[in-house]
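Welcome! Have a look at the structure below, then work through the exercises with their step-by-step solutions.

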Amino acid sequence: MEMTNIPEIFGSMVFDDRQMRKRLSEEVYTALKTTIEQNVRLDDKLAEAVAVEMKKWALENGATHFTHWFQPLTGVTAEKHDSFIEPTGDGGVMMEFSGKELIKGESDASSFPSGGLRATFEARGYTAWDPTSYAFIKDHTLCIPTAFCSYSGEALDKKTPLLRSMQAINRQAMRVLRLFGNEDVKHVNTSVGPEQEYFLIDQKLYNERRDLVYTGRTLFGTRPPKGQEMDDHYYGVIKPRVQEFMKDLNQELWKLGILAKTEHNEVAPAQHELAPIYTTTNIAADHNQLTMEIMQKVAKRHGMVCLLHEKPFAGVNGSGKHNNWSISTDTGINLFSPGETPHENAQFLLFLCAVIQAVDDYQDLLRLSVATAGNDHRLGANEAPPAIISVFLGEELTGILNAIRDDKPYEGVEKVTMKLGVHALPRFSRDTTDRNRTSPFAFTGNKFEFRSLGSSNSIACANIMLNAAVAESLMQYADELESVAGTDRFEEALHNLIKRVITEHQRILFDGNGYGEEWIREATEVRGLSNLPTTADAMPKLLDPKNQEMLIRQKVFNAAEIRSRCEIMLENYVKVVNIEGLTMVDMVRKDYLPAIEEYLYTLARAVDSMKSVSANVKCRYEISTIEKLTDLTDNILTSVEALEAVLEKLRGIDNIFRSSEMVRDELLPCMSKLRSFVDAAEMLTSAKYWPYPSYGKLLFSVQ
């Protein structure tokens with residue numbers, strides 16, 4: 001279908017503010033907006049009025065069912081559809097949807113991960129409408145974005161703690177803004193624009209790769225003769241088949257009110273990126289989950305598969321999801337934008353310091369928020385930031401902070417003594433930084449770009465930790481400064497606070513090459529930064545007392561919820577890698593070994609045939625290949641037997657912490673060793689006999 005009027009299409013499948021203004025009475029609309037903006041409980045009568053109009057709109061747009069759409073701890077979304085039909089006394093039906101059904105739903109929670117929050121027989125779970133995120137229609141179903149909790153009230157999803165973290169940073173940011181005399185601000189929100197990377201490959205070839213079907217990544221495969229070394233794919237001309245996919249994708253996203261803005265080829269062959277315009281964090285999280293789902297659906301329409309694994313192919317760039325994060329007021333002020341006056345710049349520097357301190361104090365929480373089995377393969381590789389978290393500010397901001405720290409004049413545009421409120425601060429340029437692509441956490445003008453997220457990650461996890469950690473910094477600042485607010489001691493106290501934060505957290509600031517081995521040594525041995533290369537290393541840090549105390553103090557999690565999430569994420573890590581190990585065994589025993597054996601038999605027959613013709617025939621290629629493949633076959637068999645033994649041993653461990661350590665220390669090294677032998681055999685075996693499509697075919701399959 002051709003797009004003729006994008007403004008008309010945009011949000012056409014969303015019960016957004018335009019629809020609410022049009023369909024709700026002025027009284028109901030005003031009350032609903034007040035409920036949303038002031039974060040108060042939704043009145044039952046108000047919900048009933050909204051439900052009536054929402055149902056009418058949904059039916060007009062072809063919906064037959066409704067669902068409470070939520071984000072359980074599986075990492076994907078969940079939905080249970082109920083039709084609008086209700087029986088009438090005469091054997092017919094009528095279309096009904098009540099305020100109670102809008103506000104609250106009941107779901108069987110027994111099969112969702114809970115990490116011990118409830119026993120399996122305690123199956124009841126509840127969904128509660130998040131009115132700050134608009135309802136939408138997908139596949140003839142009215143989807144109502146909701147939070148998901150257990151019978152006893154614990155969060156079983158990612159939306160609930162995300163909303164709590166947004167409330168936490170709002171509370172503390174408002175306290176700080178009041179110190180600067182900002183009385184007109186009523187609310188502070190965090191906003192996110194998540195860039196989404198992905199691969200597109202041909203559906204038929206995908207179906208022929210059991211590893212892709214079962215695990216989302218290739219467990220075997222050698223590099224093709226040409227990969228990404230020519231840098232000719234990045235920002236290159238988009239291939240016609242991909243362009244048609246992108247056109248279709250944009251239309252589907254725009255109908256759902258998703259602000260898809262930028263599309264381009266990424267670095268690796270078959271790799272692409274979509275970037276949206278910023279929006280409020282919880283809405284951005286909903287939209288990104290929808291974007292990933294719709295990408296995969298639209299790709300199938302075009303005979304392709306969209307791969308969202310962080311490292312689907314070895315030897316070329318993996319896929320990340322850059323989380324561009326900022327804080328803004330309801331009056332439209334970005335708190336990471338430099339101001340026009342010394343007063344505004346002092347406020348900007350304090351919020352900047354809050355982030356610097358938060359990243360340093362809770363670097364382990366930020367790392368574990370992006371930790372998955374898939375992302376472990378990507379972090380630290382040549383296209384991704386390292387597992388060590390650091391902050392990049394750029395030359396100008398670093399110089400300003402150093403001047404404050406050292407009580408020396410800043411020699412920028414003008415020579416200015418950095419005494420806050422006593423002498424004028426220099427006017428910062430709006431974009432003070434170049435892009436450091438090796439930095440995991442970079443300031444880029446009026447936002448921070450957290451680059452460590454994996455392609456398949458829910459952005460909720462990273463933003464929960466980021467919001468909570470910054471809220472903690474702001475709380476400490478407010479506690480310290482409120483006692484001197486409005487006095488002549490405020491400016492000096494503010495200056496001393498900023499100077500102290502810069503001095504104490506200098507170690508987290510790094511503007512150099514994050515890929516170098518020398519940085520890893522400096523970060524860990526000199527600066528004492530945390531280096532958590534795998535999920536098994538990172539996730540247990542969630543249970544450290546300082547981390548639990550902060551998350552509980554900011555009312556983001558309770559102790560039981562923290563423990564459950566640690567166990568769920570480690571269990572997921574173990575299950576993912578275990579499935580990969582079992583898949584490798586399956587592929588090697590059923591396909592790779594028989595294929596190599598068949599090729600060896602062919603070579604042996606060729607040697608016999610040629611020797612029968614002439615005893616002087618050397619058969620160098622055949623004999624050399626037979627010898628090499630025979631050795632490799634022995635090594636493959638030994639390695640697959642070793643892998644089977646480790647998998648069997650893993651089944652006997654019932655402690656999730658020990659299981660995850662075993663995956664890290666034994667299972668993954670076994671898998672890597674087996675792969676090395678199979679990949680070496682691929683280079684020696686005729687393509688005619690090799691049982692799976694090669695990397696070359698997969699990466700260059702879409703034209």
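**Exercise 1. Find how many salt bridges the whole structure holds, and follow the one between Lys297 and Asp139.**

Step 1. A salt bridge here is a side-chain nitrogen of Lys or Arg within 4 Å of a carboxyl oxygen of Asp or Glu. A search of the whole structure finds 40 of them.

Step 2. In the pair Lys297 and Asp139, the closest N and O atoms are 2.6 Å apart. Lys297 sits in helix 10 (residues 281–301), while Asp139 sits in the loop between strand 8 (135–138) and strand 9 (141–150), so the pair links distant parts of the chain, 158 residues apart. Helices (H or I, at least four residues) and strands (E, at least two) are DSSP runs, numbered from the N terminus.

Step 3. Check the exposure: buried means under 20% relative accessible area, exposed over 50%, and partly exposed in between (1.4 Å probe, protein chains only). Lys297 is partly exposed at 35%, and Asp139 is exposed at 52%.

A note on the model: it is predicted, so local features need pLDDT of at least 70 and side-chain atom pairs count only at pLDDT 80 or more, while totals for chains, interfaces and linings use all residues. Residues are numbered from 1 along each chain as its sequence is written, and side-chain values use heavy atoms, leaving out hydrogens and water.

**Exercise 2. Work out which helices the salt bridge between Arg301 and Glu252 ties together.**

Step 1. The two side chains meet at 3.6 Å, N to O.

Step 2. Arg301 lies in helix 10 and Glu252 in helix 9 (residues 240–255), so the bridge ties together parts that are 49 residues apart in sequence.

**Exercise 3. Examine helix 14 (residues 395–406) and what comes just after it.**

Step 1. Helix 14 has twelve residues and reaches 16 Å from its first C-alpha to its last.

Step 2. Look for buried residues in helix 14: among them are Leu397, Ile400 and Leu401.

Step 3. Just after helix 14, Asp407 takes a positive phi of about 55°.

Key: Expected span 1.5 Å × (residues − 1).
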